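Here are my notes on the model you sent over. Have the structure open while you go through the points.

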Number of protein chains: 2
Amino acid sequence: MADTQRNLGDTSMGDSPAEKAVFRRYREAAAVGPWNTTIATLLAHRSVRAYLPAPLPEGTVETLVAAASSAPTSSNLQAWSVVAVTDPERRARLAAIAGNQRHIIDAPLILVWVADLSRAQRIGDAAGVRMEGLDYTETFLLASMDAMLAAQNALVAAESLGLGTVFIGALRNDPEAVADLLRLPPRAYAVAGLVVGLPDPAVQTAVKPRLPQSAVLHRECYGAEDPETLRAHDRATGAFRAEQVLSRQGWTDLVLSRLQTAQGLSGRHVLKSVLGRLGFPLH
Amino acid sequence: MADTQRNLGDTSMGDSPAEKAVFRRYREAAAVGPWNTTIATLLAHRSVRAYLPAPLPEGTVETLVAAASSAPTSSNLQAWSVVAVTDPERRARLAAIAGNQRHIIDAPLILVWVADLSRAQRIGDAAGVRMEGLDYTETFLLASMDAMLAAQNALVAAESLGLGTVFIGALRNDPEAVADLLRLPPRAYAVAGLVVGLPDPAVQTAVKPRLPQSAVLHRECYGAEDPETLRAHDRATGAFRAEQVLSRQGWTDLVLSRLQTAQGLSGRHVLKSVLGRLGFPLH
């Protein structure tokens, strides 16, 4: 198999389902150990941006939130909430905030994940306590991570049911508009949305290639990647984008275009002051 | 079933596996929709703090990292790394940093999840570009969330294999010591650790109760919870802690003790300046 071209999708993946799945993820052969259907679900993740208008099966939101509730939470503080938005007009407004992402309008549901310190504030208010700890960067970070751990569990649950999902980080382009729309109280902000719906079977989406384990996995201590690893990932990303009929761009060019200037952050360079106004002073 | 006591564990859970699982999670009956084995794995999550010294099956790290690589990443920036630490001395030092958490010494592996903007910095350096975008709070948040989405996928994969896990947020008690120990470059910090090992079957851990969906799930717009919901969760948490032979503490008392003063943050009230020294100026 060594002389088979590596950039033609599934042609040189190895025989087992595990080998095939890791090849699809990395676009190169990689070692893999124990395997099961849950791990296969995780490895098969892809973002879906084309949805059928069909409603979700009854009880889907409750199942996804039960999965979210089951995620770890730092010190059991449970500093998150989720707003399930189905109303078409409200979804259209979220889509506009997110830079006109059409799939927010097409899919029947967007779950908006909220870093929620307002609940702790209410507990403090009821006890007559100032809750000084809520003002710190650590607590902001903890709440943001709690929200995303919960969201990721909901995503895994949804994909295990054959539903499509895509995270909408672009809600952070204007967190005040989202807070206003969803009537979030002070000390709460929307970290990201998660669109959920039935994927349109007419639009195929492939597994997006990721940096190889030699770049992201370090043993005992950190070591910088071999630059050739990044060039190989540029080629894998370029091949993926060509298959998906997207503009040709390598991965390192993406990183440069997003991060070389404040303008690349799509307005999010002001996030710190916006968070301050929403009740996260970030001391 | 309506007159059955609700706080005695599994005695009033309903008949289906799904109903039993949601009852265990919330300690009250709750609506639930579609169900499968992956969702059952998610609902069964519990933190494990008692481990056998046995090594992990061969290839486990690679499987867990393949799951981590498959998590969503904001704008495909892949701003995370993981350091797999097995060396007993290095694990002992991590345990000390985390306030002497014995399970870091007992289990064979801790995966340290790193918010990693140093890779983007290297790409910028190679291109002769300053990478101004790395200085912003948004980019710090994005990298932290990327790391935790990856970590959560690894956790789910590990639990699906019958392995035990527990997150170690206490690495943030001293991120500079962790960076020094793991030789992290500037613009990288350890967000959290994830202990992985074989659970000691002699020590039973139960599913920890969470706030009911009426408190965390909002429809269309946010609404504050009924205060009675918090009192019920105090009772559920108290019952859980009594069963686990832990000190009696309700949930709202936990929230108050952790967040009413800066001292409750276990030294993490200085995180902002520590992050500044590690290359995250948080503009």
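1. Start with the salt bridge between Glu62(B) and Arg219(A): in this predicted model, their closest N and O atoms sit 2.9 Å apart. The rule finds twelve salt bridges across the interface of chain B and chain A.

2. Now look at where the Glu62(B) end sits. Glu62(B) is one of the buried residues of helix 3 of chain B, and that helix, residues 60–69, is mostly covered, with ten of its ten residues buried.

3. Arg219(A) stands opposite Ala84(B), which belongs to strand 1 of chain B.

4. What about polar contacts in general? Across the interface of chain B and chain A, 71 residue pairs are in polar contact, counting pairs with both residues at pLDDT 80 or more. Helix 7 of chain B (residues 137–160) gives the largest share of the side that touches chain A, 16 residues. By class, that side of chain B has 65 nonpolar, 35 polar and 20 charged residues.

5. How much area do chain B and chain A bury between them? About 10300 Å², with 63% of it on carbon and sulfur atoms. Glu220(B), Tyr222(B) and Leu259(B) supply 8% of what chain B buries against chain A, more than any other three residues. In terms of contacts, 120 residues of chain B meet 120 residues of chain A.

Note on methods
Residues are numbered from 1 along each chain as its sequence is written. Chains are lettered from A and ligands numbered from 1 in the order in which they are written. This is a predicted model: local features need pLDDT of at least 70, side-chain atom pairs count only at pLDDT 80 or more; totals for chains, interfaces and linings use all residues. Side-chain values use heavy atoms; hydrogens and water are left out. Buried means under 20% relative accessible area, exposed over 50%, partly exposed in between (1.4 Å probe, protein chains only). Helices (H or I, at least four residues) and strands (E, at least two) are DSSP runs, numbered from the N terminus. Contact means heavy atoms within 4.5 Å. Buried area is the accessible area (1.4 Å probe) that two parts lose on being put together, summed over both. A salt bridge is a side-chain nitrogen of Lys or Arg within 4 Å of a carboxyl oxygen of Asp or Glu. A polar contact is a pair of N or O atoms within 3.5 Å; within protein, one must be able to donate a hydrogen and the other to accept it, and residues adjacent in sequence count only if both atoms are side-chain atoms. Ala, Val, Leu, Ile, Met, Phe, Trp, Tyr, Cys and Pro count as nonpolar, Asp, Glu, Lys and Arg as charged, and the others, Gly among them, as polar. Two strands pair if DSSP finds at least two bridges between them.
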